[in-house]
Structure formats: C-alpha cells, structure tokens
Amino acid sequence: MIGLSNPIGRSADWAARVPLGRALPSRIASVVLLVLSLPLWIVAAAIVWASLGRPLFFRQSRSGLGARPFVICKFRTMHEGRDVDGALLPDALRETPATRLMRSIRIDELPQLLSIARGDMAFIGPRPLLPATIAEFGELGRIRGTVRPGLSGWAQVNGNTRLTNSEKLALDLWYVRNRSLWLDLRILVLTVQVALLGERVDRRHVDHAVKAMPAGTVRS
C-alpha cells in the first residue's frame, strides 16, 4: 500500500507540491524500448491490417503538460460502425476479437513511445485527455496538467474503466500531489498486473483520493 497523504483544502496547495519533471531519462528509455519493441509493432500492424484494414493508426489531439495540445497516436482497434441514426456504435461492438486482445494487453499503446521520446508524455502520469475535457475541469484541470500525461497512471491501475470520471480525476490529482520515483515504479508493476489479470477497483485508494479532493468538487 502506498503511503496516503492528508486531504487538502486549497487547490493552490496542490500546485505548490508538484516536484520537478524527470523527462530526460524517460525519453532515453523510450528510444531504447522503441527499438526493442519493433517486432511487436509489426505484429500489431498485421493484426490491424487483417482485422480493420487501413488506416493502421488512430490520431487525436490531446492536452499535455501545461494544457499544451499534442497529437496522440495509437494502433487503431475499432472500426467506424454506426447505428441507424448515424451515431458511432459502442466501443465493444466496434472491436474485433484480435483488437480487443491488443487493447487488453496494451499493445495498441506502443506508438505513444514516440510521444515520450518527443517529451510530450511520460511513462507514468494521468492519461492524456481531450482539451475540452480538461477545460471542463477548470482549476483542477490546470493542476492535473502540471505533470506530463502518461502511458499508465494511478487511475488506470485502480480500476480505470470501472471508475466514474470523478473518481479517475480524484486519483489523478492524488498522483500529482504524491508522485515520486517509488510510486512510479509501483504503478509500472501494477500496470503489468492489470494487463495480465484484468482491471480491479482498489476501493481503499479510490475512496481516499475522493476524500482528498477540494471541497465541493466531487461529482458523480
């Protein structure tokens, strides 16, 4: 269990406790992993080509450090199937069995190593969200953006898709306030565990992070 901090009352206190970035080692490591993972890139590209066809990649603008937008890139895992009203079908109906497996073991995230190499992302941090979503968070969105977004984060190893948006935001802000090398290493280990065993909600971590949110900011 990671050490838990005391709840805070002012958002300014969150920003004041953010440590300095550690981008350079991550950028070097990402280049090494890019080279080592090239065989997996070939496998992933072949799966997408056979299952969905072209394009192989999904690209979208996301909010990065200091709310600076950057383009995130992933292997495409869903087709563009729509219902009779023209709305996209639910994610589960747009995946294939092969691309669903890719998502479960995170192979679709490999292109984000390029974002880490460029300095737009880190290995560990809050997942990059749409700029409009960050803007809706207001001051808490600004605080969330004081660290680089990551491939995996505290919210992703504590439930991820099983959590509400407010719970994920609370976990992201808890990470911003408490981030450390030890916590990053713990998240890396838990990320492997989630990839192998699936997502599981750690209610103790979630509840503590929600309680630590500034008063009046938690919504369902």
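The largest nonpolar core of this predicted model has 41 residues, and those with the most contacts inside it are Phe75, Leu113, Trp154, Leu171, Tyr175 and Ile187. A nonpolar core is a set of buried Ala, Val, Leu, Ile, Met, Phe, Trp, Tyr and Cys residues joined through side-chain atoms within 4.5 Å, where buried means under 20% relative accessible area, exposed over 50% and partly exposed in between, with a 1.4 Å probe and protein chains only. At least two residues of this core are supplied by each of helix H3 (38-51), strand S2 (69-75), helix H6 (112-118), strand S3 (122-124), helix H8 (139-144), H9, H10 and helix H11 (203-211). The largest share, 7 residues, comes from H9. Helices (H or I, at least four residues) and strands (E, at least two) are DSSP runs, numbered from the N terminus.

This is a predicted model, in which local features need pLDDT of at least 70 and side-chain atom pairs count only at pLDDT 80 or more, while totals for chains, interfaces and linings use all residues. Residues are numbered from 1 along each chain as its sequence is written, and side-chain values use heavy atoms, with hydrogens and water left out.

Leaving aside neighbours within four places in sequence, Phe75 is in contact with residues including Trp41, Ala44, Val48, Phe57, Met102 and Pro111; contact means heavy atoms within 4.5 Å.

The axes of helix H9 (residues 165-178) and helix H10 (residues 181-197) come within 9 Å and cross at roughly 140°. H9 and H10 are therefore oblique to each other, since angles under 35 degrees count as roughly parallel, over 145 as roughly antiparallel, 65 to 115 as roughly perpendicular and the rest as oblique. Trp174, Tyr175 and Asn178 of H9 make the contact with Leu183, Asp184 and Ile187 of H10.

According to the unreviewed UniProt entry, the annotation "transmembrane region" covers residues 28-52. Over residues 28-52 the chain is 92% helix and 0% strand, with the end C-alpha atoms 33 Å apart.

Some loop residues have particular backbone geometry. The peptide bond from Arg54 to Pro55 is cis, with omega near 0°, and Pro55 is found in the loop between H3 and strand S1 (57-63).

Notes. Axes fitted to C-alpha atoms, helices over the stretch in contact; angles between N-to-C directions. UniProt positions renumbered as here; feature names shortened; annotations may be inferred.
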